[in-house]
Structures are given as structure tokens and as C-alpha cells.
Amino acid sequence: MNPSRTTASHASSVTMTTRPAAVADKLTKVYGQGETRVVALDGVSVEFRRGEFTAIMGPSGSGKSTLMHCMAGLDAISGGSARIGDLELTGLSDKQLTRLRRDRIGFVFQAFNLLPTLTAAENITLPLTIAGRRPDKAWLDEVIAAVGLADRLEHRPAQLSGGQQQRVAVARALAGRPEIIFADEPTGNLDSRSGAEVLGFLRDSVRELGQTVAMVTHDPVAASYADRVVFLADGHVVDELREPTAATVLDRMKRLDTGDRAG
Amino acid sequence: MFRTTLRNVTAHKGRLLMTMLAVLLGVAFLSATLVFTDTFAEAYRKSSEQSFAYVDVAIRPGRAPEGGPPGARPALTQDLLHDVARLPEARTVIGSVTGFTAIAGKDGALAGQGWSTRGANYYPGPGGADPRYAVARGRAPQNAGEIMLDARSAERTGYQVGDTVRLSVDGPVLKEKLVGVFTTDDGEVAAGGTLTLFDTATAQRLFAEPGIFSEITAKASPGASQVALRAAVEKVLPEGAVTFTGDSLARDQAVRVEGTINDLRSTLLVFAGIALFVGVFLIANTFTMLTAQRTRELALLRAIGASRRQITRSVLVEALLIGAVAGCAGMVAGIGVAACLRGLIGSFGSGGQVLPDGPLVVSPAAVVVSLAVGVLVTMAAAWPPARRAGRIPPVAAMSAVHAPATSRSLVVRNTVGAILAAAGAATVLAGTGMDFDEGQYVIGLGASTLLTGVFVLTPLLSRPFIAAVTPLLRRMGAPGKLARENALRNPRRTAATASALTIGLAVITGLTVIATSSREATDARATATLSADYVVRMGNYDDLSVQVEDAIKATDRVTGGVTAVSPLREVPARVAGSNMFLTGVDAGVIGDLLRPEFTRGSLSGLGTGGALVDAGTAAEHGWTTGTALPVTFPDGGHGRVTISGVYQDTDLLHGLVIDTHLLDPHLRTRTAGSVLVKTAHGPSRAAKDAIIDALGDSPAILVQSKQDVSTSIAHSITVMLNLLYGLLAMAVIVAVLGVVNTLVMSVVERSAEIGMLRAIGLDRGGVRRMVRLESLVISLFGATLGAGLGVFFGWAGVRLLAADTPAYRLILPWGQIALVLALATVIGVVAAVWPARNAARLDMLTAIQSG
């Protein structure tokens, strides 16, 4: 719609590389009231640096999905602060949050969530269509080539395998060059080979295209593709691991589990 | 199995709401019709029984005896009455004369409904009273100039005993003194008619001739049967007079009433049927969607051992439960509506009512029929989806994906549809070539076949329609594109939803086309050849007294405005051996008043012993200009006329036309069906007022300009159309529910997609727009098909009518057709309100994960 805006944000991301893409600061999320009150996030502070692939891990109920939902503007924040770039999410209206997700955030879901009526190509450009923006042809070609879908563009989701569908979803997330991509268990519905492919693309998008990715997962192997792993338990950040491998992640997880039981 | 079914029904309460409503509305319409017409029939039956309480045998004039002068009927004289009264079998004998009597209210306007404003005589029996009428206030009329009014009319008009009442019998105004008010069981009075009573001599002078009755009725002596009395009466009758027993009259009346009510009932049932039929689409859609959503669950039941039949039966039992619950509610609602209707009609106007008093009749048959129809319609509509549910393979329980949208080939369906549609269209076309009586059934058959064919074809037809609106939708951005895809996604569902709307709108458009064309044709027949400024006639189409003619001619002298006046006298005569009506016109001036279209000859010979005949009659008898015809006039006199012109008949002029100078000498009373008037300066308020004044502001007479005639024709057609629109409204409402239903269910079905769209940046407004545009596509598709079919049906109907009446031409009411499409737009927007709000309010996180 407005090419100058895109260029401007691109320029800003170049000049402000040191500033994180997204920040949670003492983020609190509380569900319910009175006796049914549940604290899902209890003062979580975490930074997602630009050009970094972060995995968020933790046992069920640790708040990892809630953290992602709050950071992505899908769920309201109870306290503290969540920022995408310079933009404070607290106090934004539904309309402003929708705009934020549309223009600055990409999503990859566990269940792929493609529109069955649209072709792969149309699914990929859907966020741009919604925004009324003209896709950047060169960038789109690059993304499509990267996920290896060039010969599948006219297929509908039902004609694609699960792995292919999730690659379409990754391409859709990348198409708008968001400031950050949130991926929610992206390999949860895939076999290990397809999963590895998708994770490879996510890592490549970070390494080669300079994308920022935050991924929620419970799979140590998936987490090993990330640059850094943040561990959550009971709504707190309890640990962090750089340059993880499946083994180190598994090890930390075990410790967390036993620590949990001990506490 | 039954427990699962019950759980399903209760679990899907919200989604079944529209289905329930659709069944409820259809059944309510049905039961309201049945209860209302039963009530109506019962009330009339009671009142007609009462009307014949004083009659054991009735004597009526019957037909003119063969060979006598045309139009002469046997006279029921005072002597005959005495003869009957002397019979030992007769106890009391009453002679009555009745006729049209219009009463002016205090404001000068006609009181009561035009058709049942009657006058009659008060016939005092031996005790000095007439048993038929009970004097409530004042006394009975005894002399000329005195009248008595029925209590309800007196109350309605506000006349008190002692007031002077203006009334008219055949045109001229009479001013009579109200001497009494009476009550009566008379059926027509009970139904809201006005009855004015005169003394017998006055009534005879007004309605017949002195000493002559129009009916003599006798009550049998104790011990004498109606049959015995009748046999005795037969012996003293003049030739041609006929007798009836009271029982047979009551029976005949009951049959007539029954016939009227049956007509009313069948008309209403047709519209109730349409509403129920529209509901079928909705119900079928609901069950298709519900079973599709439950595919895995049903497959699981199959996997653990349920048979196909058990699955099918469980869906049917669900339909049975819904049909029973909605049917009961609908029946109760229908009884309520019938009660309201009764009350409404009872209080129609100021105290006047069209329905005799009587209790609300809820027959067991009406209850059973309503319930059964509700249940059967629901189950029949659910039958195909129930069978499909039974065919779900057990393995579907294991597969991760939803059952694929039925992508079964539409080839068979399209072929069947195309054959049906083509056969239907051909039958309709063939029907338009026939005469009206056969043609209407052929066209009806063809129309329903074509409609069925089009329904079968709608999934196919939806594609070109959606393709046509795609450029528009693309301009609406992402919501438009998504709406397009959604409408295309399940062509069967889109089609079924649109079809429901098609039915109602096709009937509405077809009726509008026919009504508009009828209005033009009727108007043309009534006014096209009219060059007079005013047509003067009785409000009830009875004959006008000659005084009216004379009074209008006298206006000439008063205002100097009237230049030509001619009556149109219609009298029975025998022409060349056949009975027909002669129309007498004033040959000297008729050329200024009427311009008939001549196929042969002209007006010019009329004044010199010539006659005009309409083309139809001429063709029937093989007459043409120059044919000489022997005529026997009503008084038995003979004459001879020569045809000097053959014309196209209209409502104003038809049959054999001769000069009044030739006709009048043979008439005892010179009456006229209507009087045509030309004024010097054309129609104006002043000219009309002058004529009305000259006629003494008579409540019985209408003075209409060409424009007034057109307006009243247009008005009566509009009233009829509005009534039909009202009856069709129910079908349209059910169709709207269908659109709502489809949208609500597809929003539920697509909640994961909607959640995703919201997550990746479609705002609530966009989601709402998407649903609304899909709704608009569906309703405009249905409306376009409906309007198209309606125009075709209308065209066929007009062609058929034109075969009988050449004045019929197809008039396409573009304004109304545009209105139908506008209505569809409104329907689209309104139907989307609730589903769109649901979609926009979906909880994103839950919705995404539900995929």
C-alpha cells in the first residue's frame, strides 16, 4: 500500500540492530478471578533479539504458549509490558493489535491453518491481500524458492502433504517481512523428516534472511535448531541456554522436571 | 442409540434454532389457516341456520316462461300470497321485496360495504309484527317516508330515532325519517351488512312494482311437513315460479358457504405450502451440515458396531424430535394467530364486522394435521442427509482430516436438472398457445417442472453468477475475495440456500408481472375508447333510474357545462332467435362519448335504424355489415335492424347496440347500466361537483372521470397484490432464516480459519464484511434466479390471458423488479447481522486450535 513505510521500517531495522525485536518486561497474565484465579505468567522478562532464533520451552502449564500469545498480541496482558520493536502492546485497541499482527508479526501454527479454498500462492500472499499491499515480487520469489514450493504454487492445501502445508505456512509468515515470526509447535503435527525440513527453513530464514523467530515447542530436537532456548516453569523464566543441542536441552528439561518435583 | 440422539439435539440447540423456527413458522401458517377457516365456516353455518328459521317453503319468480316476451318473469302477487295463506298447511306467510339500498352516513359517505347494503319490507303478520325483525327502539315503518335500520348500522352511523336519513335505491336521493331500530338474525347483517326496512307498499314501489313481491315464504302449520307444505303450494303457483323447502335453502347456503371457505382455505394452504417447502431446503441444509460436522463421531459409532441403518435412524429420530417440538409450538402459535385474526376482523372498522359471532373452533383434525405435517416435512427433508450419514465408512473415524466437501461429480445432477428444466420450459411454452382453461394447468405443470429443474441446476448456475460478481467482490479487497471463495466452496449448500429465496421471489415477480399487465389491460378495456369526461353508475353496478339521466341533462341548463349525455341501457331481448342483451345508446351524441374501434362499417348508420355488433358476437353468428336482424323487445314488440358496424368490444360497450329512440318505446322503465357525460371544458373539480350536486349527492352513485376509473382499477389491483405479498412474506421470512442458518453454521464450521485470519491481521470489521458479502452473494443469486423465473412465468401467464383478451400485453414492471433485487440486498445484509457478529466475536485462540 505504502512502499515508503516498508522501506522506512526496513531502514530502521538496519540502524537499530542492537535493539531487540520484541521485549517482555515483568509480563503478567492472570486468568479468571477470585477462587478460579490462575496466574499463567508471573513477571516474565525476556528479550527476542533481532536476527535470532529463540525457542521457548517448558512443561505443560508452564505458560510458554501464553507468553507467545501475549507477545503476539493475540491475548490481552494483565500487567507489566510487552513491546514489538518500540511499540508498547499494553493499552492497544483490538483494531491497533490487528494492525500490528498484520503488518509486523508473522505466524506459524501447529495445525498449519491454511485456507482450503485458496491455492498455495494465494495462501502465501494472504496477509498482504488483507493489508491491501502489493507483494514484493523479488522477495516473494526468494521466499518461495527457499521453502522449495515453486512447483506447488497452484495446488490447494488438500493436495499438499502436511510438511508441504507447513512450508506454505512458513512462506506466508515470511512474505510480509515481519519484525518477528511466532511459531506455535510448528512441528507438532509433522513426522520427523518433514519437521526437520520446516525447522531448517525457519533457521535458514534467520541465518540467511535476517528474520527474527520465536518458537514454542516441547520437542528438544526442535529446540536444538534455535540459537537460544528460554525455559519457563510455573509462569517464570527459570533458565536459558545458548547454542543448544538436543542433548543439552533434554538434560535441562529433566533437571527442571525433577526440580519441579522437589519444589 | 436414542440417548445419543437426544444428546445431539440438546447439544446443538443453538444451531437448530433456525430449523425449529422454520418448521414452527410453516406449521403456524398451516394451523392458523385451518383453525381460522373452521371458525369462519362454523360461524357462517350457525348464522345461515338462523336465517332460515322462519322459512319452511320459499316461492321465487324463477325464469321467464318460454315464448313470452324476453325478460318477463312470473309475478308473485298479493293474490298469490293470500292463496298460499289460505292453505291449511301454512301457518304464517310473509311476502318480501328486497333490493339494493345505499345509506349515507352523517358525513355523506356510503355506510357499510357496497355489496351487502340492502333494503327490504317490514311485513307485519297477523299479530302486527314481523317475526324476522325485533324492534329494539321506536316502531316499525308504516307509511311512505319512514324507515327502520338494523341496530349495528344505526350505531355505526350514529343515527337516532327521529333523524332524517339520506338514502338511495336506484340513483336519486330519498330523505326518509328513521322511526325505529331493529335487531335480526339475518346472516348478511350479522356479517356486517346494512339493512333498511320500508313499509311493504314503499318497498314494492322501490324494488319491484306495486303489489308484487320478490319472494313469498311460508311457515308450516303444526304437524305439516316442509314437503307437504311445498306440495300444497305447488298447486296454486303461477307458471314459471319455483319453490324451495327451508331445509334445501339452508343446505344450499351451507354448500355455498362451504365452497367459499374451501376456496379461501385452498388459497391459504397454497401459501402455507410454499412456506413449508422453503423450509425443506433449510432443514436439509442443517442436517447435511450437522452430519458433516459429526463425521468422525458417526464413523466411530460405526467402528464400534452400529449398523448403517442405526446411524440413519438416529439422524431421522433427531429430525422427528425437532419436527415434533417445533410442530407443537407452531400449532399453538397458529391457534394464537387465528384468534388474533378473528379479533382483528371482528373489530374491523368502527364496530362493523365481516364475520358473524362465534367461538374459535380448534378441531382435532386441524391439530393432528398440523403436527403430522410438521413432523413429516422435517423428516422428509432430513432423509437424504440421514442416508448419507449412514454411508460414512467406519475408517473415517481414524482419518485426521474432515470428511472432504462432497466433491462427487455433479454430472448426473446437472443432466437431470437440464432435462427437467428444458421439459418444463417447453411445457410452459406449449401452454401459452392453448386457451385459458387448459393452458393454466399445462403452464402450472411446466412451471413446477422448470422450477424443480432449476433447483437441481442451481449448484451449476451459481458458478457463472459468482463469476459475474467476482470483479465487484475483488474490489472489496480481502473480505470480498474470501467471501467469493466461501460461496464457491460448497456449491450445493449455496444453491440450496439461494433456492429457498428463489421460490418466494419467483412467485412475487411472476404475480407482479401478471398484475401489472392486467392493470394495463383492464385499464385499456375500461378507458381506451372512452372520450366522455365522466362515467356515472351505481356503486354496486345495479341499474340507474332514468331520473339520473334526466337530472344530468338538466345540469346543462344550470351550468351550461354539459354538452352530451347518453345512457348505456342494457335490456334482455331475442335477436334472430337467440337471447342476448341489447345496448341502447343515444345515437345523436354517442360519437362524442365513445370511440369504438371498428373492424367494419362505422358509427354513422346507428341513427337511421342501424345496429352495431361486437366482432366476437358477429363471428359467432356469422353476421356482418348489411345483415338484417329481427328483434323481439322486452315488451314483446317486434322490430328489425340492419348491422351498420362491427366493433371491438370493451368493458363499456359490448353486444348488439341500437339507438335509444328505437329501444325506449318498448321499455316500461328506462334504466341505464351507466350514463356517459361530456362537459364543455373537460373534466374538472367544478364540473364533477355540478354533476354530483345535480344528483343530490346520492350515496349510491359514482361519478368517475377517466382518471378516476384508472385510479380505482389500479387501486383494486394494488390491494390484491399487497394481499398476495403479505401471504408470500412468510415464505420469504423462512428463506431469510435459511440464509441466517447457512451462515451461522458455516461460521461454526470455519471457526479455525476465521481465527487464523484474525491472527494474521484481518480485523473484526473485515470478518464481518466477509460474512456479509457471502450473504449478499447468496441472496442476490437467489433473487436473480427468482426474478428471472418470475418474469418468464409472468410472460407465460400474460400470453395465456392474451389468448382470451387481446388487450393483454406484457408489461415488465422494472421498478418492482428492481425492488425485488433491492429487497434481496436488504435480506443479505440483515441475514448476515447475527452470523457476522458471531464470527467477529470468535475467540481467536480457541478458534485457531479448533482446527
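Two residues are in contact if their C-beta atoms, placed from the backbone, lie within 7 Å. This report uses that sense of contact throughout in describing a predicted model in which chain A and chain B touch one another.

Two packed helices are described by the angle between their axes and the distance between the axes.

| Helix pair | Angle between axes | Distance between axes |
|---|---|---|
| H15(B) and H23(B) | roughly 35 degrees | within 6 Å |
| H8(B) and H15(B) | about 170 degrees | 9 Å |
| H21(B) and H23(B) | about 140 degrees | 11 Å |

Helix H15 of chain B spans residues 491-527 and takes part in a packing with helix H8 of chain B, residues 246-293. The axes of these helices are 9 Å apart and form an angle of about 170 degrees. H8(B) is therefore roughly antiparallel to H15(B). On the H8(B) side, the residues that meet H15(B) are Ile274(B), Phe277(B), Val278(B), Phe281(B), Leu282(B), Ala284(B) and Asn285(B). Their counterparts in H15(B) are Arg493(B), Ala496(B), Thr497(B), Ser499(B), Ala500(B), Ile503(B), Gly504(B) and Val507(B). Sorted by class, this contact holds 10 nonpolar, four polar and one charged residues.

H15(B) also packs with helix H23 of chain B, residues 764-804, where the two axes come within 6 Å and cross at roughly 35 degrees. The crossing is right-handed. The residues of this contact comprise 18 nonpolar and 13 polar, with no charged residue.

H23(B) has a further packing with helix H21 of chain B, which covers residues 706-749. The angle of about 140 degrees between them makes H21(B) oblique to H23(B). H21(B) likewise passes H23(B) in a right-handed crossing. Val739(B), Leu743(B) and Val747(B) of H21(B) meet Val771(B), Glu774(B), Ser775(B), Ile778(B) and Ser779(B) of H23(B). Five of the residues in this contact are nonpolar, two are polar and one is charged.

An unreviewed UniProt entry places the feature "domain: ABC3 transporter permease C-terminal" at residues 270-394 and 727-842 of chain B. Over residues 727-842 of chain B, the chain is 87% helix and 0% strand. The end C-alpha atoms of this stretch are 38 Å apart.

## Contact between the chains

How many residues of chain B are in contact with chain A? There are 20, and they touch 21 residues of chain A. Within chain B, helix H14 (478-489), helix H22 (751-759), H23 and helix H25 (844-849) each supply at least two residues of this side. H14(B) gives the largest share, five residues. By class, the side of chain B that touches chain A has nine nonpolar, five polar and six charged residues.

## Sheets of chain A

Chain A contains an open sheet of six strands in the order S6-S7-S8-S3-S9-S10, with mixed pairing. Strand S6 (105-108) and strand S10 (236-242) of chain A each have a single partner strand, so one side of each is left without a neighbour in the sheet. From one strand to the next, the twist averages 20 degrees. Strand S9 (residues 228-233) of chain A pairs with S10(A) in the antiparallel sense over six bridges. Phe231(A) stands opposite Asp239(A) in S10(A). Helix H8 of chain A, residues 192-207, lies across strands S3 (53-57), S7 (180-184) and S8 (213-216) of chain A, and runs at about 155 degrees to S8(A).

Another open sheet of chain A has four strands in the order S2-S1-S4-S5, and its pairing is antiparallel. Its edge strands, S2 (38-48) and S5 (87-88) of chain A, each pair on one side only. Strand S1 (residues 22-31) and strand S4 (residues 79-84) of chain A are joined by five bridges in the antiparallel sense. Ala22(A) has Ile84(A) in S4(A) as its bridge partner. Helix H2 of chain A, residues 64-71, packs on this sheet and touches S1, S2 and S4 of chain A. The direction of H2(A) makes about 115 degrees with that of S1(A).

How values were computed: Residues are numbered from 1 along each chain as its sequence is written. Chains are lettered from A and ligands numbered from 1 in the order in which they are written. This is a predicted model: local features need pLDDT of at least 70, side-chain atom pairs count only at pLDDT 80 or more; totals for chains, interfaces and linings use all residues. Axes are lines fitted to C-alpha atoms, for helices over the stretch in contact, and angles run from 0 to 180 degrees between N-to-C directions. A crossing is left-handed if the near helix is turned anticlockwise from the far one by less than a right angle, and right-handed if clockwise. Ala, Val, Leu, Ile, Met, Phe, Trp, Tyr, Cys and Pro count as nonpolar, Asp, Glu, Lys and Arg as charged, and the others, Gly among them, as polar. Angles under 35 degrees count as roughly parallel, over 145 as roughly antiparallel, 65 to 115 as roughly perpendicular and the rest as oblique. UniProt positions are given in the numbering used here, feature names are shortened, and annotations may be inferred rather than shown by experiment. Two strands pair if DSSP finds at least two bridges between them.
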